[in-house]
Structures are given as structure tokens and as C-alpha cells.
Amino acid sequence: MENQTPSKDLFVPVEREREEQHEIGRPSLSFWRDSMIRLRKNKGAMAGLVMLIIVAIMALFGPYMNEYTANEQDLSRAKIPAKVDGLGWLGLDGTLSQIEEGDTVEAARSSALARFSNDEEFTEINVLSDGSDGGEARVEAVHDPYAAKDIDSNFWFGTDGLGRDQWTRVWEGTRISLYIALLAAAIDMVIGVAYGGISAYYGGRVDNYMQRIIEILTGIPNLVVVVLMILILDPGIMSITIALVITGWIPMARIVRGQVLKLKSQEFVLASQTLGSSDNRVIRKHLVPNVMGLIIINTMFTIPSAIFFEAFLSFIGLGLPTPQASLGTLIDEGFKSLQIYPFILFWPALVLSILMIGFNVLADGLRDAFDPKMRE
Amino acid sequence: MVRYILERLVYMLITLLLIATLTFFLMKLLPGTPLSAADKLSEEQQAIVLEKYGLNDPLPVQYFNYITGLFQGDLGLSFQFDNREVTTILLERMGPSMTLGAQSLILGTIIGVLLGLLAAIYHNGVVDYGSTFIAVIGKSIPSFVFAGILQFYLGVRWGLFPVALWEGWEYTILPTLALAIFPIAIAARYMRTEMLEVLGSDFITTARAKGVNKFGVVFKHGLRNALIPIITIMGPLAVSLMTGTLVIENIFSVPGIGEQFVKSINTNDYPIIMGTTLFFSFLFILIILIIDLLYGLIDPRIRLTEGD
């Protein structure tokens with residue numbers, strides 16, 4: 001092919017049309033719609049959301065799914081493991097097993113049997129090693145408490161030390177834990193936003209004094225404040241919530257203050273003020289929508305930390321008084337029989353972990369979604 | 001710089017005094033006296049006991065005595081253990097708590113930094129996702145749940161490590177691991193973000209262009225710069241470990257300050273509660289101060305006072 005010099009006739013000027021200039025390349029999206037689209041693309045965050053929805057539904061309806069109640073005690077059926085029909089392959093077959101070693105098979109067998117109060121009828125003995133290889137004889141005893149105690153309806157999560165149904169207790173505990181955490185987070189949000197907003201918007205001396213107060217408050221470890229508050233108030237849902245709120249609002253106040261300070265010196269606020277907007281309008285139309293994302297993200301991070309602190313308080317003996325149970329108190333009880341009956345600890349710990357992971361992952365996703373830098 | 005430190009120290013003192021005052025009056029509001037078996041004692045005996053703890057004086061005098069005592073390192077007498085000074089009890093129990101705290105902080109930060117580093121180098125690869133997964137799990141699941149898992153599997157089921165108590169170095173392994181999970185998670189996340197940012201900066205491109213190999217770029221140019229911000233998270237991490245030790249020491253029966261604190265809460269031993277509270281606050285403020293100073297010292301881009 002030879003090189004050709006293009007003739008001028010090949011070029012035709014494009015007729016620019018007026019409408020074309022104003023056409024927008026992509027559909028206009030509000031900040032929120034855009035963020036939600038990004039959030040929906042985030043697989044981790046969506047998984048977290050699904051986990052939370054499932055736990056929330058179970059917390060609402062779980063306790064009504066079987067005939068047991070949370071406080072119905074029956075010592076004869078205490079510490080029974082979980083049994084779900086059809087899920088035996090997952091280990092939820094309602095049996096307890098114990099591996100014992102001994103000099104002879106017989107010795108191992110009798111010590112394994114002794115673990116289940118010598119109940120030979122409902123205990124199956126499997127010899128794992130008869131000691132012929134020079135080692136100790138090992139015997140596994142598998143005990144079926146459901147058959148032994150003649151229980152026909154299953155405990156899906158087993159029972160606790162007093163024979164109460166763990167399924168009902170765990171979901172009622174989840175409900176209380178969630179309630180405390182959500183309430184604390186909501187109050188934190190209100191106080192924090194108001195404090196931070198006022199401090200930043202009015203500025204000057206007000207801001208100065210309000211910041212000194214915060215500075216001193218942050219010097220106090222929240223662990224100490226929470227423990228002291230619980231000691232003074234009588235233990236209960238309200239006092240735990242109050243104790244959590246006392247220090248919980250501070251991070252929110254700081255974040256809101258920082259953001260409002262940054263925003264209020266920006267041109268669009270100045271423009272709005274120049275056009276004669278009132279304080280009220282500036283706050284409602286310009287400041288609040290721009291701080292909203294941060295408030296939501298921070299609240300999402302407050303919830304799991306409130307759940308954690310509530311569980312932590314139960315753990316050090318400052319939790320809810322006995323008839324009530326939260327996930328924390330259930331886990332605390334589980335530790336008492338961890339060595340022999342680990343399943344009592346397992347279920348509340350599992351639900352607590354799912355909740356914590358769900359909130360953290362969703363909060364991370366929201367943070368990414370609200371971040372305009374992540375926009376494609 | 002000196003002025004800044006002095007200013008901070010004054011703030012620290014005010015905060016501590018405030019906390020001391022607050023705890024003192026809060027404790028006075030609480031029911032209960034050291035006379036747990038009061039009905040068995042005659043009035044005279046009761047008076048003697050109250051006198052011993054200085055509870056007969058009017059409140060302002062008690063408060064004054066308490067605060068002056070604080071300045072002399074005297075936190076009062078324990079109600080629970082006869083005639084034992086709170087200061088001595090705390091000092092005795094500091095060893096195990098400090099050991100656990102330091103071990104888990106060091107272990108956690110090292111593993112976390114390595115994880116974060118690997119995640120940044122193999123960005124968007126399997127290692128990255130694995131490290132992110134560990135970080136999410138470690139950040140979300142409370143240390144006491146981890147303690148339960150470790151205790152049951154490594155301690156009871158497989159018998160690899162002692163389940164509880166405090167009789168030698170191997171007894172520190174499980175509690176240290178349980179406490180280290182959180183620092184691992186936080187350090188890994190932070191390190192990953194920092195390292196990604198550093199690796200994307202111009203001087204890294206320059207180093208690459210000059211022909212420095214990948215190893216040299218990451219460790220010599222990248223790691224040094226990414227490590228600086230890690231110091232800032234050490235403060236909050238150390239503080240969170242203080243919370244963690246309360247529970248972990250109880251689970252593993254470690255004779256540390258946290259275990260004593262929980263016991264004292266359950267036995268209304270107010271002098272110990274007050275002493276520990278102050279001690280925790282002191283530690284908290286001190287850690288934050290040290291971190292702030294260290295940060296300014298290490299990173300020349302940050303100077304605490306202008307013209308310094």
C-alpha cells in the first residue's frame with residue numbers, strides 16, 4: 001500500500017447541535033442512589049447484611065418456633081447437646097462422646113462409661129485401639145441422652161446447666177443484646193450529632209469550652225466509666241445502656257464537629273448564606289446531608305462495639321440480673337462448663353460472632369460506598 | 001517541645017484528679033462498708049474498724065486524705081485483704097498483666113504487619129483476601145470467644161498447652177494468643193492500606209526505575225514509610241488490651257490486675273476498685289502521651305510545635 005495524502009475533501013465539519021451539548025452522558029444519580037448502587041456491588045457487605053437480617057428475624061421469631069420457654073427449668077434434662085432431625089451429619093445428632101484411655105480395654109471402657117453415670121443401656125462403646133500396638137487402650141463412649149431421658153422433641157441448640165432450652169434463650173438473648181446496642185447507638189448518635197454540630201457551627205468560645213470538656217472526658221478510659229456507672233446504677237437493661245452512652249457519644253461528636261467545621265468554611269455554604277439562607281436552611285439543606293454519610297458509618301461501627309461492651313460487662317459480673325439473659329451472660333454461663341459441655345458456650349458465641357462480623361462488614365462496605373473517591 | 005510536654009502533663013494531672021474525685025464520690029454513694037459481718041460486732045468494735053479505714057471522718061476530710069495519699073502513692077487499705085495496701089496488691093499483680101499485655105501487643109503487631117505487608121504486595125490476590133478475612137474475623141469476634149475456642153481445642157481437647165493458671169512461660173501462651181488476635185487484625189488492615197498507598201507513591205516508581213529489585217523496594221523503601229503510621233494505632237491497641245486482660249485473666253485464672261479488679265467488683269472492695277480505676281486511667285493517659293511524642297519524634301513531617 002502506498003501512502004496517500006488525504007485530500008481536504010475527506011474532512012467534513014461536524015454540525016454541532018444545541019441539544020447535544022446539553023446531553024448528559026450517564027443518568028443523573030443522587031449521592032444516595034449512587035452509594036447504594038456501590039454498596040449493592042460489594043459482596044462482603046451484602047453477605048453481612050444477609051447475616052444480620054437472618055439473625056434479626058431469628059431474634060424476633062426464634063423463641064416462638066418451639067414449645068419451650070426461656071425460663072422453664074428441668075434439671076433432669078440439663079446439659080443435653082443439640083439435636084436437629086436431618087442434620088445429624090453436622091454433628092447435631094444429640095449425642096455426647098468421650099474418649100478414654102486405660103491400661104486395658106476394660107479399664108478404659110469402665111472409665112468412659114463412668115462419664116455417663118454407668119448408663120450402659122444408652123451408651124455405645126467403640127474400641128478405637130485395644131492396646132495391642134504397645135500404647136494405651138483407647139475407647140470411645142457415645143451416649144444418647146435423648147434416648148436415655150426419653151425426650152421426644154428435639155432441643156435445636158441443646159439445653160443449659162439448668163435444663164432450659166438454649167434455642168429460646170439464645171434468641172431471646174440476641175433480642176436483648178440487639179436492643180441494648182441499637183438503643184445505645186441511637187442515643188449516642190443524637191447526643192454526638194447535637195454536641196458536635198453545636199460546637200462546630202457556633203464556633204468561637206462555645207466551641208472552645210465544649211472541646212475542653214471532650215478533651216478531659218477522652219482522658220478517662222471508657223472501660224472505667226462503664227464499670228463505675230454500672231456499679232452505681234442497679235444492673236438492668238436501662239443502666240447498661242446509660243453506661244454505654246456516657247462515653248459512647250464522644251467519637252460521634254468529634255467526627256461531626258470536624259466535618260461541620262470543614263464544610264462550613266466551604267464556598268457552597270458561603271454562597272447559600274450570601275443568597276440569604278437562614279441558619280436553619282444552611283443546616284438542613286447543606287450541612288446535614290453532607291455529614292449524614294459519616295454519621296451513618298459511625299453509628300454502624302458503634303453498634304458492634306456496644307454489643308461487645310454489653311457482653312463484656314456480663315462477663316465481669318456486671319451484666320443483666322439472672323432471669324434475663326443476653327448473649328454475654330449466656331457465654332459467661334457457657335464458660336463454667338466449657339471442659340465437658342462446650343456446646344453450651346458454642347451457640348451464643350456463634351450468634352454473637354455472626355452479629356459482630358455482620359455489622360463490621362456492612363459498616364466497612366458503607367464506608368467504601370459513601371467514599372466519593374471510590375466512585376468509578 | 002518541652003513546653004508542649006509540660007502542657008500535656010498538666011492536662012494529664014487535671015484529668016487524673018478529676019477521675020480520682022469522681023471515683024471517690026461515686027464510691028461514697030455506693031452501699032456497703034468493710035463491715036461485712038457488722039451484726040456480729042459490738043458498736044465499739046465497729047467504731048474501731050471504721051476508724052482504721054478512716055471512715056469516721058467527715059467526707060471532706062476523707063477526700064482530702066485520699067487525694068494527699070494519692071500524691072504519696074498511697075491508695076488506701078483493701079477492705080477484703082486485712083491490712084494490705086492497695087498499692088502493694090497492684091504492684092504484686094502488675095507482673096502477669098504486663099507480661100500478657102506486652103507479649104500480645106508485640107506478637108500481634110509483628111504478625112499483623114507481616115500479614116498486611118503480604119496483602120499489599122499480592123494486592124487482590126489470594127493472600128490479600130485471606131489476610132482481609134483474618135482481619136475481619138479478628139476485629140469482629142471478641143477475645144473471650146477466641147479464648148474459649150483456644151482453651152477448649154488447644155488446652156482441653158488436644159492438651160498442647162496448660163488450660164489455666166500461671167506457673168511458667170507455657171502458661172502465658174493461650175492467653176497471649178487470645179489477646180493477640182485483635183492487634184493482628186487491626187495492624188493487618190492498617191498496614192495493608194498504608195503499604196498500598198506508599199507503594200503507589202512517586203518515590204517507589206523512581207526506585208523501581210532505578211532498577212531496585214522488588215524485595216529492596218518493598219522492604220527498604222516501602223516498609224520504612226508505611227511503618228510510621230502503625231505507631232499511632234499502638235496506643236488504642238494497648239488500651240483495648242487493658243479491657244481484654246480483664247476478661248482473659250479471668251478465663252485463664254491469671255493472677256493479674258484485671259482478675260483482681262473483677263473480684264473486687266464482686267466483693268465491693270472499694271479501695272481496690274478505686275485504685276485500679278486510677279491505675280488504668282494513668283496508664284491510658286500515659287500511653288497516649290508517649291505515642292504522641294514518639295510520633296513527632298520519628299516522623300519529621302510532623303512537628304508538635306511550630307518552629308521547633
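**View 1. Packing of helix 2 against helix 13 in chain A of the predicted model.** Helix 2 (residues 31-41) of chain A packs on helix 13 of chain A at an angle of about 135°, with the axes 8 Å apart; axes are lines fitted to C-alpha atoms, for helices over the stretch in contact, and angles run from 0 to 180 degrees between N-to-C directions. Helix 2 of chain A is therefore oblique to helix 13 of chain A (under 35 degrees counts as roughly parallel, over 145 as roughly antiparallel, 65 to 115 as roughly perpendicular and the rest as oblique). Their crossing is right-handed, that is, the near helix is turned clockwise from the far one by less than a right angle, and anticlockwise for left-handed. A:Ser35, A:Arg38 and A:Leu39 of helix 2 meet A:Gly365, A:Leu366, A:Ala369 and A:Phe370 of helix 13, contact requiring C-beta atoms, placed from the backbone, within 7 Å. These residues divide into 4 nonpolar, 2 polar and 1 charged (Ala, Val, Leu, Ile, Met, Phe, Trp, Tyr, Cys and Pro count as nonpolar, Asp, Glu, Lys and Arg as charged, and the others, Gly among them, as polar). Helices (H or I, at least four residues) and strands (E, at least two) are DSSP runs, numbered from the N terminus.

Residues are numbered from 1 along each chain as its sequence is written, and chains are lettered from A and ligands numbered from 1 in the order in which they are written. In this predicted model, local features need pLDDT of at least 70 and side-chain atom pairs count only at pLDDT 80 or more, whereas totals for chains, interfaces and linings use all residues.

**View 2. Packing of helix 3 against helix 13 in chain A.** Helix 3 (residues 43-61) and helix 13 (residues 343-370) of chain A have axes 8 Å apart and an angle of about 140°. The two helices are therefore oblique to each other, and helix 3 of chain A passes helix 13 of chain A in a left-handed crossing. Among the residues in contact are A:Gly44, A:Gly48 and A:Leu52 of helix 3 and A:Ile354, A:Gly358 and A:Asp364 of helix 13. By class, the contact has 14 nonpolar, 4 polar and 1 charged residues.

**View 3. The side of chain B that touches chain A.** Here 34 residues of chain B are in contact with 31 residues of chain A. Helix 1 of chain B gives the most to this side, with 7 residues. The residues of chain B on this side comprise 24 nonpolar, 9 polar and 1 charged.

**View 4. Helices of chain B.** Chain B has 11 helices and 0 strands.

Note on methods. Contact = placed C-beta atoms within 7 Å.
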